[in-house]
Amino acid sequence: MTFTTLITGASSGLGAEMARQFAALGHDLALTARRTDRLDALKAEIATAHPERRVETYALDVTDDDAVTRVFEQAKGDLGRLDRVIVNAGLGKGAPYGKGSHYANRETITTNVLGAAMQTEAAMAIFREQKAGHLVLISSVTALRGMPKSMTTYGATKAFLASLGEGIRSEMMGKPDLDIDVTVLYPGYIRTEMNEKVEQKTKFMVDTEVGVRSMVVAIEGRKAKALVPPKPWVAVGSAMKVLPLSVVRKLL
Ligand SMILES: NC(=O)c1ccc[n+]([C@@H]2O[C@H](COP(=O)([O-])OP(=O)(O)OC[C@H]3O[C@@H](n4cnc5c(N)ncnc54)[C@H](OP(=O)(O)O)[C@@H]3O)[C@@H](O)[C@H]2O)c1
């Protein structure tokens, strides 16, 4: 049976490139996002490159709880089962606290925390029923320590995802009847629309295709957690955990 993967936030950046690379690996895909014109274009692109692949697209705002449940169930029905769900949709807006721009932080929390929690709820319900599945949560290296200024909320939302994934993995260790794996990815800086205007972060930035290749290797390996691309992020991540905050704040 063909392996089936649902990816949220597949209309651009990492989600769209994961769709391309997983299609090349032979997966059938369920792709979701709000910008369905982009999903349609991606579906057409994949159909040309891999005509044997099945790609279904769905309009989905991940902050709409009912829609998340409905779309995940619909995708499972359309593809027959969902072997993997990649909780990728995310927002990088943010502002320093106390400066009157809480709306930006709120929007990021709503998307990255509440949206991800609901996607996880819907995915886990399907996996429990199937007694199998692979949950992939896209966190960030910014989850490893507190981030300053406009990154504070974003990093905190990504720390939520990391903790969420580890918690579910811990539960699943005690359930031998359920073949459910959990992977938390901590991408470094990979060039996408999210960071195209963030000039100061270009020192470690890699192209989308290169960065996503590392993500796909870690996902296919069902790693519990992985900093991607491994170079330089495994070393930077280890350093981040032990260095004083005064140094960490200048690293990223
Ligand atoms: N690029 C990096 O360096 C990097 C590093 C670490 C982690 N990440 C994480 O990787 C994920 C993908 O980011 P990216 O870099 O690929 O950014 P991107 O190009 O801006 O893509 C973000 C995706 O999320 C979707 N999205 C945002 N809000 C949504 C909502 N309310 N409902 C449904 N979909 C929504 C967008 O689709 P629509 O707008 O069409 O809905 C888009 O497809 C994010 O979780 C991000 O935090 C990225």
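This is a predicted model: local features need pLDDT of at least 70, side-chain atom pairs count only at pLDDT 80 or more; totals for chains, interfaces and linings use all residues.
Helix H1, residues 13-24, takes part in two of the helix contacts described here, one with H2 and one with H6. Against helix H2, which spans residues 36-49, H1 packs at an angle of about 20°, and the two axes lie 10 Å apart. Because angles under 35 degrees count as roughly parallel, H1 and H2 are therefore roughly parallel to each other. The crossing of H1 past H2 is right-handed. On the H1 side the contact is formed by Ala 16, Ala 19, Arg 20 and Ala 23, and on the H2 side by Leu 42, Glu 45 and Ile 46. By class, the residues in this contact between H1 and H2 comprise 5 nonpolar and 2 charged, with no polar residues.

The packing of H1 with helix H6, residues 208-220, has an angle of about 65° and an axis separation of 9 Å. H1 passes H6 in a right-handed crossing. From H1, the residues Gly 13, Leu 14, Glu 17, Met 18, Gln 21 and Phe 22 take part. Their partners in H6 are Thr 208, Glu 209, Val 212, Arg 213, Met 215, Val 216, Ile 219 and Glu 220. The contact of H1 with H6 contains 7 nonpolar, 3 polar and 4 charged residues.

A further helix pair is formed by H4, residues 102-130, and H5, residues 152-173, which pack at an angle of about 15° with their axes 9 Å apart. That angle makes H4 roughly parallel to H5. The crossing of these two helices, H4 and H5, is right-handed. H4 contributes Asn 105, Thr 108, Ile 109, Asn 112, Val 113, Ala 116, Ala 117, Thr 120, Met 124 and Arg 128 to the contact. The residues from H5 are Thr 153, Tyr 154, Thr 157, Lys 158, Phe 160, Leu 161, Leu 164, Ile 168, Glu 171 and Met 172. Divided by class, the contact of H4 with H5 has 11 nonpolar, 6 polar and 3 charged residues.

The ligand has 30 residues around it, of which Ser 11, Arg 34, Asn 88, Tyr 154 and Thr 192 come nearest. Tyr 154 also belongs to the H5 side of the contact with H4. For Val 62, a polar backbone atom is 2.9 Å from a nitrogen atom of the ligand.

Most residues other than glycine have a negative phi, and most peptide bonds are trans. Lys 131, a residue other than glycine, has a positive phi near 65°. Lys 131 is placed in the loop between H4 and strand E5, residues 132-138. Two cis peptide bonds are also described. The bond from Val 228 to Pro 229 is cis, with omega near -10°, and Pro 229 sits in the loop between strand E7 (225-228) and helix H7 (230-242). The bond from Lys 231 to Pro 232 is likewise cis, with omega near 5°. Pro 232 is located in helix H7.

Terms used
Residues are numbered from 1 along each chain as its sequence is written. Side-chain values use heavy atoms; hydrogens and water are left out. Axes are lines fitted to C-alpha atoms, for helices over the stretch in contact, and angles run from 0 to 180 degrees between N-to-C directions. Helices (H or I, at least four residues) and strands (E, at least two) are DSSP runs, numbered from the N terminus. Angles under 35 degrees count as roughly parallel, over 145 as roughly antiparallel, 65 to 115 as roughly perpendicular and the rest as oblique. A crossing is left-handed if the near helix is turned anticlockwise from the far one by less than a right angle, and right-handed if clockwise. Contact means heavy atoms within 4.5 Å. Ala, Val, Leu, Ile, Met, Phe, Trp, Tyr, Cys and Pro count as nonpolar, Asp, Glu, Lys and Arg as charged, and the others, Gly among them, as polar. A residue is near a molecule or strand if one of its heavy atoms lies within 4 Å of it. A polar contact is a pair of N or O atoms within 3.5 Å; within protein, one must be able to donate a hydrogen and the other to accept it, and residues adjacent in sequence count only if both atoms are side-chain atoms.
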